[in-house]
Amino acid sequence: MLGVFSSSIVSPPEELVAAGSRTPSPKTTADALVNRFLKTNSSAVSVQIGDDAQLAYSHANESALQPRLFAVKDEIFCLFEGTLDNLGSLRQQYGLAKSANEVVLVIEAYKALRDRAPYPANHVVGHLEGNFAFIVFDKSTSTLFVATDQTGKVPLYWGITADGCVAFANDADLLKGSCGKSLASFPQGCFFSTAVGELKCYENPKSKITAIPAPEEEIWGAKFMVEGGPAVLAATK
C-alpha cells in the first residue's frame with residue numbers, strides 16, 4: 001500500500017525534514033518510488049490523481065486477516081488495509097447496505113466528517129474498532145486524511161522523497177530506499193488531516209505529539225510520542 005502526495009497537497013512534516021538534514025542519506029523522487037513499488041509487487045495497480053497524488057497497491061503477500069482494499073466514490077479515493085470488528089454496527093450507523101466493506105465504510109465516514117464540519121475528526125476515527133490503516137484523498141477539496149488503529153497491528157510509515165513529496169506505505173524498507181532518514185513510523189492511534197493541519201491522537205486529541213530524533217544506527221530518523229502517554233512506535237522488522 002503506497003500513497004504519494006506533492007507539497008501542494010501536504011507540507012512535509014518539519015520533524016522528518018530535520019531528520020533527513022541531520023543525517024543526509026540517499027533519496028529518490030516520488031516517481032521512482034512508485035515505479036519501484038510497481039516493479040517489486042506482482043499485479044500491482046497504480047492510480048494517478050491529477051498532478052499531485054498517486055496511490056498504488058498490490059494483493060501480493062496479503063494477509064487473510066488484513067486484506068488490502070481500494071475504492072473510489074464521488075472523487076474520494078481510499079486505500080484500506082485490515083478489518084473492522086464493528087463493521088456491522090457502523091453500516092447501520094451510516095445507512096449502508098450489508099454488502100458494504102471496510103473501504104466503503106471509511107469513505108462514507110470521511111464524507112460525513114467533511115459535510116458536517118466542524119464535526120470533530122477524532123470522533124469519526126475513534127468509532128472504528130479493529131486493526132487497520134487507511135489513506136483517504138478527497139480530490140474535490142485536495143484533502144488528505146490518514147489514520148491507524150490504536151494498537152499498531154497494521155504498520156504504516158511516512159517519509160519525504162527527494163523532490164519533497166510526502167509518502168505513506170506499509171513497507172518501511174520501500175520508503176527507506178526513497179526517503180533515507182526522512183522516515184518514521186506513523187504513530188498508532190493517530191490521524192493526520194490536511195484539513196486540521198496537524199497530527200492528532202484521536203483518543204486524546206488535546207495531547208501534544210512530539211518527534212524525538214532517533215539514534216543514528218536506527219532505520220528511523222525520528223520517533224513520535226504522545227504527551228502524557230507511552231512512546232508510540234511501530235514494531236521494527
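Residues are numbered from 1 along each chain as its sequence is written, and side-chain values use heavy atoms, with hydrogens and water left out. Because the model is predicted, local features need pLDDT of at least 70 and side-chain atom pairs count only at pLDDT 80 or more, whereas totals for chains, interfaces and linings use all residues.

In soluble globular proteins, nonpolar side chains tend to be buried together. A nonpolar core is here a set of buried Ala, Val, Leu, Ile, Met, Phe, Trp, Tyr and Cys residues joined through side-chain atoms within 4.5 Å; buried means under 20% relative accessible area, exposed over 50%, and partly exposed in between, with a 1.4 Å probe and protein chains only. The largest such core has 31 residues, and those with the most contacts inside it are Phe5, Ile135, Leu144, Trp158, Phe168, Phe186 and Leu199. Apart from it lies another core, of 28 residues, which includes Ile76, Phe80, Leu128 and Phe134.

With neighbours within four places in sequence left aside, Leu199 is in contact (heavy atoms within 4.5 Å) with Trp158, Phe186, Pro187, Cys190, Phe191, Phe192, Ile209 and Phe224. Leu199 stands in β12, opposite Phe192. Helices (H or I, at least four residues) and strands (E, at least two) are DSSP runs numbered from the N terminus, and two strands pair if DSSP finds at least two bridges between them.

Strand β11, residues 190-193, is paired with β12 in the antiparallel sense over four bridges. Cys190 stands opposite Cys201 of β12. The two strands form a hairpin with four residues between them, and Gly197 in the turn has a positive phi of about 95 degrees. In a regular strand the side chains alternate between the two faces of the sheet. Both faces of β11 are covered: Cys190 and Phe192 on one side, and Phe191 and Ser193 on the other, are all buried. β11 is also joined to β7, residues 143-148, by three bridges in an antiparallel arrangement, in which Ala147 stands opposite Phe191.

From β7 the pairing can be followed to β6. Six bridges join these antiparallel strands, and Asp138 stands opposite Thr143. β6 and β7 form a hairpin with four residues between them, and Ser142 in the turn has a positive phi of about 55 degrees. Ser142 is partly exposed, with a relative accessible area of 37%. Leaving aside neighbours within four places in sequence, Ser142 is in contact with Ile9, Phe137 and Thr194. The C-alpha atoms of Ser142 and Ala195 are separated by 9.2 Å, although the two residues are 53 residues apart along the chain.

β6 itself is mostly covered, with seven of its nine residues buried. β6 also pairs with β5 in the antiparallel sense, over nine bridges, where Phe132 is the bridge partner of Gly82.

On a 1 Å grid over the protein atoms alone, a pocket is an open set of points where a 1.4 Å probe fits, with protein on both sides within 12 Å along at least five of seven lines, and lining residues have an atom within 4 Å of a point. Grid points are joined across faces, edges and corners, and a volume is the space filled by probe spheres set on the points. The largest pocket has a volume of about 370 Å³. Of its 17 lining residues, the closest to its centre are Glu15, Phe192, Gly197, Glu198 and Leu199. α1 (14-22) and β12 (198-201) each supply at least two residues of the lining, and β12 gives the most, with three. The lining divides into eight nonpolar, four polar and five charged residues; Ala, Val, Leu, Ile, Met, Phe, Trp, Tyr, Cys and Pro count as nonpolar, Asp, Glu, Lys and Arg as charged, and the others, Gly among them, as polar.

Ala211 is found in strand β13, residues 209-213, and at 22% relative accessibility counts as partly exposed. With neighbours within four places in sequence left aside, Ala211 is in contact with Glu15, Ala222, Lys223 and Phe224.

Two loop residues complete the account. Asn61, in the loop between β3 and β4, has a positive phi near 55 degrees and is exposed at 78% relative accessibility. Glu75, in the loop between β4 and β5, has a positive phi near 65 degrees and is partly exposed at 41%.
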